[in-house]
Amino acid sequence: GAEMALAAGRHYSSHLSVLCFTFINASISGQDLRKAGFEFDNEMQQWCQKQSDGDSSTKKRFLVSGTKIRFCIDKIHESGGTVSLEGIKPVVVS
């Protein structure tokens, strides 16, 4: 249940991958991203979030490299000395 804020990394339709501390892989599943209001843009091959401009138009905010995302750590895996994290409840923080 601990929270982390990390920069978005590689985008896949099945998940978003982020690297923490340059050697621990963390991922947020596509299912959890969709629950949080994100969608995968097939043309751009990136996760994005729809935002309204206040006037009736809507635009997409893409999770470009460096976008900070806060999420809760749901699971921790270790195999052969390599640690990976599974995150849930993602929120864009910057």
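This report covers the salt bridges of a predicted model.

## Ground rules

Residues are numbered from 1 along each chain as its sequence is written, and side-chain values use heavy atoms, with hydrogens and water left out. Because the model is predicted, local features need pLDDT of at least 70 and side-chain atom pairs count only at pLDDT 80 or more, while totals for chains, interfaces and linings use all residues.

A salt bridge here is a side-chain nitrogen of Lys or Arg within 4 Å of a carboxyl oxygen of Asp or Glu. The count by this rule is three.

## Glu39 and Lys50

Glu39 and Lys50 pair through their side chains, at 3.8 Å from N to O. Glu39 sits in strand β4 (residues 38–41) and Lys50 in strand β5 (residues 46–52), so the bridge ties together parts 11 residues apart in sequence. Strands (E, at least two residues) are DSSP runs, numbered from the N terminus.

Exposure is judged by relative accessible area: buried is under 20%, exposed is over 50%, and partly exposed lies in between (1.4 Å probe, protein chains only). Glu39 is partly exposed, at 27%. Lys50 is exposed, at 51%.

## Lys60 and its partners

Lys60 also bridges to Glu39, at 3.5 Å from N to O. Lys60 belongs to strand β6 (residues 58–62) and Glu39 to strand β4, 21 residues apart. Lys60 is partly exposed, with 35% relative accessible area.

Lys60 forms a salt bridge with Asp41 too, with the closest N and O atoms 2.8 Å apart. This pair links strand β6 to strand β4 across 19 residues. Asp41 is buried, at 10%.

## One network

Shared partners join Glu39, Asp41, Lys50 and Lys60 into one network of salt bridges.

Note on methods. Helices (H or I, at least four residues) and strands (E, at least two) are DSSP runs, numbered from the N terminus.
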